[in-house]
Amino acid sequence: LQEPFDADEYIERLAWRTPGGGSKGGAEAFDPKRLLEEFQNHIEELKQLDERIQRRVEKLEQQCHREAKEFAHKVQDLQRSNQVAFQHFQELDEHISYVATKVCHLGDQLEGVNTPRQRAVEAQRLMTYFNEFLDGELRSDVFNNPDKAADIIQKLHLIAQELPFDRFADVKAKIASKYHDLERQLIQEFTAAQRRGEIGRMREVAAVLLHFKGYAHCVDVYIKQCQEGAYLQSDVFEDTAVLCQRVNKQVAEVFCSPETVMAKLIQSIFENKLQNHVKDKLEESRKSDAEQYLKNLYDLYTRTTALSGKLTEFNLGSDKQTFLSKLIKNIFSTYLENYIDTEREYLRSRSAMILQRYYDSKNHQKRPLGTGGIQDLKERIRQRTNLPLGPSIDTHGETFLSQEVVVNLLQETRHAFERCHRLSDPSDLPKNAFSIFLLLVDHLCVDHIDYALEIGLSAIPSSDAKNANLYFLDVVQQANTIFHLFDKQFNDHLMPLISSSPKLNECLHKKKEVIEQMEVKLDTGIDRTLNCMVGQMKHILTTEQKKTDFKPEDENNVMIQYTIACSKVCAYVGRQVERVRKSMDGKNVDTVLTELGVRFHRLVHEHLQQFSYSSMGGMLAICDVAEYRRCAKDFRVPLVLQLFDTLHALCNLLVVAPDNLKQVCSGEQLTNLDRNLLHAFVQLRADYRSSRLGRHFS
């Protein structure tokens, strides 16, 4: 009965045990009556079993109800007993409180009687000792023990100070002499115990000296002796940290106010050891070597503040941060008040030296730019109009931009930003960082990049120059790389220093102004460079293209795929496209190549309109334009490819049969073009008049 009951399985087992009820012996052995009888008997047995179990359940339920009632009665009896006990406890508590009040009252009465008595006894004892000083002979043994005599002498010294001088001058002097002798003995005993490392004895003597005026001197002696032999290494900061760690444990065991002693020790170290160390390090380089001076100042200040951070783990009183900050300020105030002036002067001279050293290595004498006068006026006119106002400057391919120089300038400025962050007062930090940024702009952006752009602009030849070397794209490439480095330093090192100050807007405005000025010069230089490229293409077409190319004497003997002029122009254009891709990045590549492609198309379009075309010449022109179009694919600019597709369609007008001309003009690529443009191309055909082609446009 304990296992889960399965009715089907139970019936199967019953049938199997019944003779003639299972499948044994086959169908002949099966006896349904016997099986029915067995089932009926078993059902009767199950009913009897159910009745017995039901009676047992009822009996258990009655027993459970009876025990529950008995338990409830017991709980009620316990609650009543608990209430009685609680009442007894309250009565006992009230009685104890009453007795305690009586005892306290009695204690106060006894103390009121005993305290005056003790005072009287103490006064009598002090008068006895005072009489010994009056007599001039110290007979009591207590004066031979400094520890026991200390309390007596200290109290007698206080009493003697209240006595009139004229009557008690002699005894006052004796007590004072004994006071100072005892004080000196105790300090000597403390010093000797410190040398022996006897912490217990030091604690006893310090407790005795606590009420003496010489207690402060005892602390000074302890501090001085702690520092003896502590600075054996060359690293004064590490030695200080180790010393304070060691002394901190000892101070807590010896003195009753360890935080005061610890603060005094740290103050002594800062005002003597550290201040002298800082002075020795800085004064020797302050006037002779500004770079070393700034490095030393940064290093010393950083290590001092790091040491201060370690010392905050010690108990130095309630406001230890202010205490330590004041100590640091006392050491470095004379150096920090004019730090930024030294920083700016060093950065200015260092940056100028880096630039000058670079130009000297190139044997280049910097030209004064933007000085006014005729030369400046000529340059401005040449930049804006591309007029040939005298020869351009030959830079021999030199861009006058150096990544090494830029890295050196940015590194010097990064160090300056780091020092500025550490050494500037928080209120002056944005202003100081902005002044360093202005120096970077002056030397990197103006004196180096802007100067190189000016020289690069001056070196761009006029658009009609032959075989001109176009180095300005190299200038663009290097200027772009340099400005990425400049922008990275702006975001990484300057922004964190000014992000939450009004100087942020000034910096962003200055940066935007510098970028815009350079972009104007870059745009001007790129525009003039593109003009030179187009001029070179025009020169190739002018010198290489012959009128007989498109109107050959023998129409049946043309063996070339495209003209020599087309081949040379396409080769030149391919080289220039590659140079543009190497010189620029991002959307600038597409922008410049779009402009170059449009000008290239315009040049080819105008060039083709200068010739008259025979039937075979028209086919050759189509081949040339097909080659130009293949070259235009290298631009990877949809607009340029579309322009050359249209030009290719226009060239089909040069060879189409007269009867089909109107149909071709209405084709998909030409239907949206101006009729005058189509007519102009048709007029270039050699058979224009003979075939009366003008009638299609009348």
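Begin by selecting F190, which counts as buried at 0% relative accessibility. The model on display is a predicted one.

Now display both side chains together. F190 and F255 form an aromatic pair of the tilted kind, with 5.9 Å from centre to centre and 50° between the planes. Colour the surrounding elements to see where the two rings come from. F190 belongs to helix α4 (residues 165-196), while F255 is in the loop between α7 (236-254) and α8 (258-286), so the pair ties together parts that are 65 residues apart in sequence. This is one of 14 aromatic pairs in the structure.

What is the relative accessible area of F437? The value is 1%, so F437 is buried. F490 is buried as well, at 3%. The ring centres of F437 and F490 are 5.4 Å apart and the planes meet at 65°; the pair is therefore edge-to-face, as angles over 60 degrees are classed in this way. F437 lies in helix α14 (residues 429-459) and F490 in helix α15 (residues 472-498), and this pair links parts of the chain 53 residues apart.

Keep F490 in view and select K511. The charged end of K511 sits over the ring of F490, 4.4 Å from the ring centre.

Finally, select K366 and Y451. Here K366 lies over the face of Y451, at 4.6 Å from the ring centre.

Methods. Residues are numbered from 1 along each chain as its sequence is written. This is a predicted model: local features need pLDDT of at least 70, side-chain atom pairs count only at pLDDT 80 or more; totals for chains, interfaces and linings use all residues. Side-chain values use heavy atoms; hydrogens and water are left out. Rings of Phe, Tyr and Trp (its six-membered ring) pair if their centres lie within 6.5 Å; planes under 30 degrees apart count as stacked, over 60 as edge-to-face and the rest as tilted. Helices (H or I, at least four residues) and strands (E, at least two) are DSSP runs, numbered from the N terminus. Buried means under 20% relative accessible area, exposed over 50%, partly exposed in between (1.4 Å probe, protein chains only). A charge sits over a ring if NZ of Lys or CZ of Arg is within 6 Å of the ring centre and within 35 degrees of the ring normal.
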